[in-house]
Amino acid sequence: MKAPFIDRVANKISLKEQILDNDPQPVITKDNITMQIDSIVYFMVTDPKLYSYGADDPLLAIEILTVTTLRNIIGDLELDETLTSREFINSKMRVVLDEISGPWGIKVVRVEVENILPPLDIQTAMEKQMKAEREKRESILRAEGEKQSAILQAEGEKEATILRAEAIKEQTIRQAFGEAEAILAVSEAQASTLLMLKNAEPDQYIVALKGLEALEKVADGHATKMIIPSRLQAIAGLASTTSPVAKTPDPQNTE
């Protein structure tokens, strides 16, 4: 309890979360590249007594501790690792700062590495490298596109060739079936004709006549000579001798 006019408030301390923005500091990486890195520390006072009497200047102590810790961490990393390990750097710095600042009544909530600035020549080299990588990826994508286009075109030509061959094959099959059906129809017609002749029981004269008609079709007007089988000759001669001949009237008969 405070006595009036005797006790007084020595220091007013805010228990809210506070921000400590550190200026950019030169830091050397494992591969001897000097960079400028600035960081932000978010902290809050958890014990006003320790904050007031634990350190002469807690804010300055945290600032110096932040720079020292950052240099230690970056000194174990190479340039490429530093540029891609922000989360690792933030996490490790928070653990170290929180552990050391605990006796000062301070709780480090989080640490953020704000900017990492390599030297100008390194930045130029990195930009050239990134440009080369982009051009390389562009060339690869363009080559892949041309390759895919050629493959699709070849597959299209292949399918077109197959379809044309299938069409020709189908046409040939249909034509062959048509010719076969035509031949079958002619054969059936001839068989029907022969069957009709057989059922009609034709005599030898009709058979001889049909044979002569067949020979005439075989010759078809192109043959100069035609050999007739002896059997047909005999039948034809028999038909001419036995056929009825009209009698001529006798001029001496006056009846």
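Glutamate 170 and arginine 174 form a salt bridge, with their closest N and O atoms 3.2 Å apart. The two residues sit four positions apart in helix α5 (residues 120-199), so about one helical turn separates them. This is a predicted model, and by the rule used here it holds four salt bridges. The points below walk through three of these pairs, a charged surface patch and the chain as a whole.

**The pair in helix α5**
- Glutamate 170 is partly exposed, since its relative accessible area is 38%.
- Arginine 174, its partner in the salt bridge, counts as exposed because its relative accessibility is 58%.

- Arginine 110 makes a salt bridge with glutamate 17, and the closest N and O atoms are 3.3 Å apart.
- Arginine 110 belongs to strand β4 (residues 106-117) and glutamate 17 to strand β1 (residues 17-21), so this pair ties together parts that lie 93 residues apart in sequence.
- Arginine 110 has a relative accessible area of 35%, which means that arginine 110 is partly exposed.
- Glutamate 17 is partly exposed too, with a relative accessible area of 39%.

**A pair with a buried partner**
- Lysine 107 forms a salt bridge with aspartate 98, where the closest N and O atoms are 3.3 Å apart.
- Aspartate 98 counts as buried, because its relative accessibility is 19% and the cut-off for buried is under 20%.
- Lysine 107, in turn, is partly exposed at 36% relative accessibility.

**How opposite charges meet**
- Side chains of opposite charge can pair when their charged atoms come close.

**A negative patch on the surface**
- Asp31, Glu78, Asp80 and Glu81 come together on the surface as a patch of negative charge.
- Aspartate 31 is found in the loop that runs between β2 (25-28) and β3 (34-45).
- With a relative accessibility of 32%, aspartate 31 counts as partly exposed.

**The chain as a whole**
- The protein chain has seven helices and four strands.
- Along the sequence, these elements follow the pattern β-β-β-α-α-α-α-β-α-α-α.
- Of the 255 residues in the protein chain, 20% are buried.
- Among contacts in the protein chain with a separation of 6 or more, 66% come from residues 24 or more positions apart.

Note on methods
Residues numbered from 1 in each chain as written. Predicted model: local features only at pLDDT ≥ 70, side-chain atom pairs only at ≥ 80, totals over all residues. Heavy atoms only, no water. Patch = residues over 30% accessible without salt bridge, like charges linked within 9 Å, V, L, I, M, F, W, Y side chains within 5 Å. Areas by Shrake-Rupley, 256 points an atom, 1.4 Å probe, with all protein chains shown as cover. Salt bridge = Lys/Arg side-chain N within 4 Å of Asp/Glu carboxyl O. Lys, Arg positive; Asp, Glu negative; His and termini not counted. Charge placed at Lys NZ, Arg CZ, Asp CG, Glu CD. Buried < 20%, exposed > 50% of the residue type's maximum accessible area, 1.4 Å probe, protein only. Contact = heavy atoms within 4.5 Å.
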